Amino acid sequence: LKRHEAVSANGADREDKRRLAQDRAERAAYLALKNEHRVWVPHPTLAWTTGVARDVNGQRLYLTAADEKIMEGATAASVHPFFEEDLNDYPDAVDLVNLHEGVVLDLLRRRASERTFYTFVGGDVLLIAINPCATIPNLYTEERMAQTRAERQVGTANYQPHVFAIADAALNEMMDTRKSQSIIISGDSGAGKTESCKLILRHLAYANKALARRESASAAISIEEKIIQANPVLEAFGNAKTHLNLNSSRFGKLIQIQYNDGGRIVGAHVRQFLLEKSRVVAPGRGERSFHIFYQLCAGVSPEEKKEWSVLSASQYNYLKSSGCTKVANVDDSSDFRVTKSAMQRIGFSNQERSAILRLVSAVLRLGNVQFGERQDSAVVTNPDQLKVAAQLLGVEAKKLEICLTRRTIRY
């Protein structure tokens with residue numbers, strides 16, 4: 001998200017802070033000549049902590065402030081001067097006068113401990129989000145979205161750090177400049193990228209909904225609902241449990257939302273890439289394949305189970321090989337109902353939905369097909385499983401066997 005100005009402070013404030021930083025740097029240089037002064041010291045588990053630099057028998061030692069334990073390997077080049085202002089709370093990390101990694105990480109740690117999980121860096125152009133790995137009441141309500149929209153009315157400098165503020169700033173910038181905007185969400189596995197993406201889409205849909213109400217338009221409601229409902233479908237077919245994350249996206253996606261000149265959503269397009277296809281046949285030990293497989297096994301009705309020849313998850317080679325078919329606090333049956341409902345809401349007919357889920361069952365059945373060798377040729381050793389897979393795919397079992405056991409050379 002590219003912007004042409006920083007909104008956290010005006011030019012005069014920046015100049016004052018530069019002069020103040022220079023004064024403090026000179027003061028730090030003076031203190032370094034004394035016998036002892038406070039510093040930020042690298043720490044093996046905390047990353048950084050406050051400490052003291054002390055001259056002992058002509059040798060400079062760096063000790064932690066808490067227990068005065070000597071920090072091995074700390075050198076003058078790896079420590080930073082400490083100022084009392086470093087411990088102030090700043091909603092925008094750019095406002096830190098003594099700016100370096102230790103101070104920034106400490107700021108984020110202190111804000112997270114106070115249940116403030118968002119911090120700007122240079123205003124609403126960059127946001128650092130700390131994943132609380134828990135549900136925080138009233139943090140993502142419609143009231144909070146309305147508050148973000150209200151903050152915009154009095155100027156973007158009044159935005160409070162929040163994922164909704166990033167979405168609102170992008171929308172505001174697009175309308176002001178009449179130029180397309182991009183929001184890039186990045187982070188390690190489990191950092192909260194998927195949830196942040198959903199929250200941004202929710203806020204954009206909310207803003208569109210408010211505009212549609214003012215214009216008494218009903219068509220826009222259908223579009224925004226489809227954008228939101230697309231998420232459960234994408235997650236079911238593209239997300240999986242990993243060692244670090246119960247809902248890890250195993251693909252990249254580019255979501256494009258189209259607006260008209262009046263700021264109303266008129267369409268959307270999702271482009272996926274780099275899907276981890278190998279997870280279908282070989283999920284890692286202790287991990288799971290894509291959610292839809294387990295949802296299908298747990299959530300089908302007796303009629304669907306018979307129609308699609310669905311077994312339990314522990315009866316499929318593709319699913320049981322990882323040693324993890326169930327996850328605590330994850331209701332695959334309930335999630336399957338959500339997925340089916342979402343597919344209907346975004347426009348899949350009952351026939352299309354049934355065909356897709358039939359293919360999902362067929363993929364699992366193909367994993368149960370076993371092969372042997374006879375007279376230097378590959379053969380299927382359990383034709384009953386092959387027959388079920390062929391029925392689900394709507395092809396002849398013999399032709400499917402040929403495709404699976406013989407190579408075709410094309411000229």
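Arg 109 is partly exposed, with a relative accessible area of 37%. Its salt-bridge partner is Asp 106, and the closest N and O atoms of the two are 3.5 Å apart. This briefing concerns a predicted model, in which the count of salt bridges comes to 15 and the count of disulfides to zero. The largest nonpolar core has 20 residues.

**Salt bridges**

- Asp 106 and Arg 109 both belong to helix H2 (residues 101–113), where three residues, about one turn of the helix, separate them.
- Asp 106 counts as buried, because its relative accessibility of 11% is under the 20% limit.
- A salt bridge also joins the side chains of Arg 358 and Glu 307, with an N to O distance of 3.3 Å.
- Arg 358 is part of helix H12 (residues 350–368) and Glu 307 of helix H9 (residues 302–307), so this pair ties together parts that are 51 residues apart in sequence.
- Arg 358 is partly exposed at a relative accessible area of 24%, and Glu 307 is partly exposed at 41%.
- Glu 401 forms a salt bridge with Lys 398, with the closest N and O atoms 3.8 Å apart.
- Glu 401 and Lys 398 are three residues apart in helix H14 (residues 397–405), which means that about one helical turn separates them.
- Lys 398 counts as exposed, with a relative accessibility of 51%.
- Salt bridges also link Arg 250, Glu 276, Arg 279 and Glu 287 in a network.

**Nonpolar cores**

- In soluble globular proteins, nonpolar side chains tend to be buried together.
- Within the largest nonpolar core, the residues with the most contacts are Val 163, Leu 171, Leu 204 and Tyr 259.
- Helix H4 (163–177) and helix H5 (193–214) each supply at least two residues of this core, and H5 gives the most to it, with seven residues.
- Leaving aside neighbours within four places in sequence, Val 163 is in contact with Tyr 118, Leu 127, Tyr 140, Ser 196, Leu 199 and Ile 200.
- Another core, of 19 residues, lies apart from the largest one and has Val 310, Ala 313, Tyr 318 and Leu 364 among its members.

**Loops and exposed positions**

- Leu 274 is found in the loop between strand S10 (265–273) and helix H7 (278–281).
- The phi angle of Leu 274 is near 55°, a positive value in a residue other than glycine.
- Leu 274 counts as exposed, because its relative accessibility of 72% is over the 50% limit.
- Together with Leu 254 and Phe 273, Leu 274 makes a nonpolar surface patch of about 320 Å².
- Asn 329 lies in the loop between helix H10 (317–320) and helix H11 (332–345).
- For Asn 329, phi is near 70°, again a positive value in a residue other than glycine, and the residue counts as exposed at 86% relative accessibility.
- Lys 326 is found in the loop between H10 and H11 and counts as exposed at 73% relative accessibility.
- The C-alpha atoms of Lys 326 and Ala 298 are separated by 9.9 Å, while the two residues are 28 residues apart along the chain.

**Cysteines**

- A disulfide is a covalent bond between the sulfur atoms of two cysteines.
- The model has zero disulfides by the rule applied.
- Cys 133 counts as exposed at 66% relative accessibility, whereas Cys 297 is buried, with a relative accessible area of 16%.

Note on methods
Residues numbered from 1 in each chain as written. Predicted model: local features only at pLDDT ≥ 70, side-chain atom pairs only at ≥ 80, totals over all residues. Heavy atoms only, no water. Disulfide = S-S within 2.5 Å. Buried < 20%, exposed > 50% of the residue type's maximum accessible area, 1.4 Å probe, protein only. Core = buried A, V, L, I, M, F, W, Y, C linked by side-chain atoms within 4.5 Å. Helix = DSSP H or I, 4+ residues; strand = E, 2+ residues; numbered from the N terminus. Contact = heavy atoms within 4.5 Å. Patch = residues over 30% accessible without salt bridge, like charges linked within 9 Å, V, L, I, M, F, W, Y side chains within 5 Å. Areas by Shrake-Rupley, 256 points an atom, 1.4 Å probe, with all protein chains shown as cover. Salt bridge = Lys/Arg side-chain N within 4 Å of Asp/Glu carboxyl O.
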